[in-house]
Amino acid sequence: MLTDTRVALPSPRRLAALADHRVFAALLLLAAVLRVVTMLGYRPVTLYWYDSFTYLDTAVHPAPSATFHPIGYPLLLRALLPFHSVELVAAVQHAIGLGTGMLLYAVLRRRATPGWAAASATVPLLFDASFLRLEHAVLSDTQFIFLIVAGLAVLMWSPRLSVRAAAGAGLLFAAAALTRTIALPLLLLVVLVLAVRRVGRRPLAALVLAGALPLAGYAAWYAQHHGRFAISGADGVALWARTMTFADCARIQPPPDLARLCPNGTKVDAASEYVWAPGASLNLLPGDRFTHNDLARSFAIAAILAQPLDYLGGVARDTAIAFSWTPIPHPDRTTPAFGFKSGHWELPGQPLIAKVKREYDPDIRGLSSVSPYADFLIAYQYAAYLRGPLLGLILLLGGAAAIRRPRVALLPWAVAMGLLIGPVAVLDFDHRYVLPVIPIACLAAALAFRPSSGI
């Protein structure tokens with residue numbers, strides 16, 4: 001019996017659709033190659049004392065942290081624990097970075113953005129050397145960026161927000177808040193923007209409920225360990241450090257219990273450094289600094305209420321650092337950009353590091369650069385860096401899109417601004433904290449372009 005083995009050729013419409021994505025496909029392939037070069041150029045991965053090792057230790061011994069590290073990122077590390085490889089962690093994070101770029105592109109095309117504009121919006125995330133370095137480090141930021149982009153993608157996928165989509169977004173933003181607590185006020189901002197857009201009571205209720213339940217569950221778990229219903233035990237300490245740059249107790253007139261936290265003459269070069277400065281007033285109190293979190297919060301609120309203009313001025317000055325052409329170290333001990341270097345960096349001799357090596361990955365060691373891959377990245381990073389004024393232009397374009405198309409562009413632009421200002425308002429500016437702003441700002445900016453118009 002003869003069988004017809006003819007294969008149907010793709011329709012012209014399907015071929016045209018595939019061709020429409022060829023620019024982004026080429027960008028994605030090049031970005032994947034860059035990530036392979038990064039893994040070959042720096043072995044095994046970048047590990048920071050003490051953040052990376054705290055995350056890895058919490059992955060082995062899950063418990064709510066009373067400091068700056070909630071459970072979200074350690075859960076990802078725990079999922080990878082059976083492989084006992086920090087290099088696998090970096091590989092997964094590089095894949096997450098590529099996946100985030102795909103999400104950005106997909107939601108923009110879904111909302112009728114021209115292919116060239118949608119592909120362009122992914123370029124900073126896929127090619128900026130700062131993102132390559134971030135994905136190659138055991139830090140929570142790559143997961144955080146993905147969760148925020150995913151939450152926005154779910155909310156923006158359809159013109160009409162369904163209850164199911166709202167609930168899914170609520171879960172994603174809750175996961176982001178359990179990865180980095182700055183997403184807590186971000187969730188409130190999202191709810192406010194959607195309420196202004198009048199998406200309906202049921203989707204709003206679903207978003208709030210789905211976001212609140214995981215956070216409440218974590219807060220209850222936190223209460224079992226630390227005796228109070230909370231997500232973090234460091235919010236007050238962070239806000240207190242923010243006020244140390246301007247607090248004047250002659251104007252605040254705090255009661256005696258709070259007066260112990262007044263500035264005592266210790267000077268550092270950034271607000272966040274007061275958290276760790278041995279001579280700072282908080283660190284002279286008996287016990288660990290985080291045991292005084294509630295007291296620190298009370299002082300900070302009193303300082304902000306007494307000196308609101310000084311507080312806003314400090315936040316504005318530090319936020320402005322993001323828009324400088326030449327990256328400004330803040331604090332001075334940090335490397336704000338161009339961090340790919342040649343050499344070998346030993347790990348400090350800390351008991352926690354030895355413990356993590358025993359329990360998570362016996363092959364953990366100091367970072368080493370490997371030629372010629374590292375040599376390429378060292379040269380590449382100077383060209384592949386989004387300068388501050390360009391970020392400012394992207395935010396301005398996103399703001400224009402939010403005015404012209406508020407139903408679609410207002411949400412990502414508001415989230416980008418929240419991510420830019422929020423960390424500075426509650427603690428300090430950090431170049432690392434600016435990186436999550438970039439893909440969200442690009443998302444909003446790309447929405448300024450429509451297929452039927454030249455702009």
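Reply: Ala296 lies in helix α15, and the model it belongs to is a predicted one. The relative accessibility of Ala296 is 0%, so this residue counts as buried, the limit for that label being under 20%. Setting aside neighbours within four places in sequence, Ala296 is in contact with Gly236, Val237, Trp240 and Leu261. Ala238 is 58 residues away from Ala296 in sequence, yet the two C-alpha atoms are 8.4 Å apart in space.

One of the contacts of Ala296 is Leu261, and the next residue in the numbering, Cys262, is joined to Cys249 by a disulfide. The S to S distance is 1.8 Å. The count for the model is 1 disulfide. Cys249 sits in helix α13 (residues 249–252), while Cys262 is in the loop between α14 (256–259) and α15 (293–306). The two cysteines are 13 residues apart, and the pair links distant parts of the chain. A disulfide is a covalent bond between the sulfur atoms of two cysteines. The torsion about the S-S bond of Cys249 and Cys262 is about -105°, so the disulfide is left-handed. Both Cys249 and Cys262 are buried. Another cysteine, Cys442, has 6% relative accessibility and therefore also counts as buried.

Between α13 and α14 there is a loop that contains Gln253. Phi of Gln253 is near 50°, a positive value in a residue that is not glycine. With 65% relative accessibility, Gln253 counts as exposed; the limit for exposed is over 50%. Glu273 is placed in the loop between α14 and α15. Its relative accessible area is 14%, so Glu273 is buried. Apart from neighbours within four places in sequence, Glu273 is in contact with Val268, Pro331 and Arg333.

Next comes a helix pair. Helix α10 (residues 183–196) and helix α11 (residues 201–226) have axes that come within 10 Å and cross at roughly 170°. An angle over 145 degrees counts as roughly antiparallel, and α10 and α11 are therefore roughly antiparallel to each other. On the α10 side the residues in contact are Leu184, Leu187, Val190, Val191, Leu194 and Ala195. These meet Leu204, Leu207, Val208, Gly211 and Leu215 in α11. By class, the residues of this contact between α10 and α11 are 10 nonpolar, 1 polar and no charged.

The loop between α10 and α11 holds Arg198. Arg198 has a positive phi of about 55° although it is not a glycine. Its relative accessible area is 74%, so Arg198 is exposed. Beyond residues up to four places away in sequence, Thr181 touches Pro70, Ile231 and Ser232. Thr181 and Gly72 are 109 residues apart in sequence, with their C-alpha atoms 9.9 Å apart in space.

His94 is found in helix α5 (residues 86–110). The relative accessible area of His94 is 4%, so this side of the count is buried. Not counting residues up to four places away in sequence, His94 touches Arg35, Thr38, Met39, Leu132, Glu135 and His136.

Tyr42 stands opposite Ser369 in β3.

The bond from Arg43 to Pro44 is cis, with omega near -5°, and Pro44 lies in the loop between β1 and α3 (51–60). The bond from Ser371 to Pro372 is also cis, with omega near 5°. Pro372 is placed in the loop between β3 and α18 (373–383).

Notes. Residues numbered from 1 in each chain as written. Predicted model: local features only at pLDDT ≥ 70, side-chain atom pairs only at ≥ 80, totals over all residues. Heavy atoms only, no water. Disulfide = S-S within 2.5 Å. Helix = DSSP H or I, 4+ residues; strand = E, 2+ residues; numbered from the N terminus. Buried < 20%, exposed > 50% of the residue type's maximum accessible area, 1.4 Å probe, protein only. Axes fitted to C-alpha atoms, helices over the stretch in contact; angles between N-to-C directions. Parallel < 35°, antiparallel > 145°, perpendicular 65-115°, else oblique. Contact = heavy atoms within 4.5 Å. Nonpolar A, V, L, I, M, F, W, Y, C, P; charged D, E, K, R; others polar. Pairing = 2+ DSSP bridges.
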